[in-house]
Amino acid sequence: MKYKLGDECFLDIGDNNEIREFTSIHRSSKSCDRTVIGDNNLIMGSCHIAHDCKIGNNNIFANSSLLAGHVIVEDYVHTGGPTVVHQFCHIGSFSFIGGGSVVSQDVPKYMMVSGDRAELRGLNFEGLRRCGFQVTEIKSLRTAYRKIFMPSNTNSMGFDERLSEVEHSEDLGSVPAVCSMLRSIRDSFTENRRGICKFRQWSSS
């Protein structure tokens, strides 16, 4: 709908991508933007990548994964098919989207979501292990995740306060992977972003 007749629009595809049968990838909707596919991605059959999407490297899109316009997918993301992602959503690195999910908000780095509408289901432990994360890193991520999303006392602090507590933690705040996860969460609440997928307030006790 944004396209104007005569505009020169663009699609950049990197190296070593495998794009399977019946997949559709659209060029940008305006000449000032471009749709981008990075390197080493596996895009299985009947996937759709709409206008102005930005796809990073080493991602796996299972059959019938459908990305609406302006979606950003970082690196090492794995989707189960069929999956639908709402326009302007941001999918963080090393995350996993369960098959049959409808994603209408951002998925932070390292996390696993599923459902309609998709909810956080924990960390993508198997994906982290396969990508070479150290045991100590995964343990730190798990501790941080539980403090933020599974507090022992749900009445003690709000969500933003729990984020701040982890950020200022002497043990967790200095772990690069934890810092990256925290930044991914924070960025999702900036202007023009959609916030993160909903999460259930499970108690860690």
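The following exercises, each with a worked solution, concern a predicted model.

Residues are numbered from 1 along each chain as its sequence is written, and side-chain values use heavy atoms, with hydrogens and water left out. Local features need pLDDT of at least 70, side-chain atom pairs count only at pLDDT 80 or more, and totals for chains, interfaces and linings use all residues.

**Exercise 1. Determine how many salt bridges the structure holds, and describe the one formed by Asp-160.**

Step 1. A salt bridge is a side-chain nitrogen of Lys or Arg within 4 Å of a carboxyl oxygen of Asp or Glu. The structure holds twelve salt bridges.

Step 2. Asp-160 forms its salt bridge with Arg-186, and the closest N and O atoms are 2.4 Å apart. This pair connects distant parts of the chain, 26 residues apart: Asp-160 belongs to helix H3 (residues 159-167) and Arg-186 to helix H4 (residues 176-187). Helices (H or I, at least four residues) and strands (E, at least two) are DSSP runs, numbered from the N terminus.

Step 3. Asp-160 has a relative accessibility of 44% and counts as partly exposed. On this scale, buried means under 20% relative accessible area, exposed over 50%, and partly exposed in between (1.4 Å probe, protein chains only).

**Exercise 2. Identify the residues linked with Arg-20 in a network of salt bridges.**

Step 1. The network links Glu-18, Arg-20 and Glu-21.

Step 2. Within it, the side chains of Arg-20 and Glu-21 meet at 3.4 Å, N to O. Arg-20 is partly exposed, with a relative accessible area of 39%.

**Exercise 3. Describe the largest nonpolar core.**

Step 1. A nonpolar core is a set of buried Ala, Val, Leu, Ile, Met, Phe, Trp, Tyr and Cys residues joined through side-chain atoms within 4.5 Å. The largest has 45 residues, and those with the most contacts inside it include Tyr-110 and Met-181.

Step 2. Helix H2 (135-149) is among the elements that give two or more residues to this core. The largest share, six residues, comes from H2.

Step 3. Contact means heavy atoms within 4.5 Å. Leaving aside neighbours within four places in sequence, the contacts of Tyr-110 include Phe-94, Leu-141 and Met-181.

**Exercise 4. State the strand order of the open sheet and explain why S2 and S17 stand at the edges.**

Step 1. Two strands pair if DSSP finds at least two bridges between them. The seven strands have the order S2-S5-S8-S11-S14-S16-S17, with mixed pairing.

Step 2. Strand S2 (18-19) and S17 each have a single partner strand, so one side of each is left without a neighbour in the sheet.

Step 3. Strands S8 (residues 60-61) and S11 (residues 78-79) run parallel and are joined by two bridges. Ile-60 has His-78 as its bridge partner in S11.
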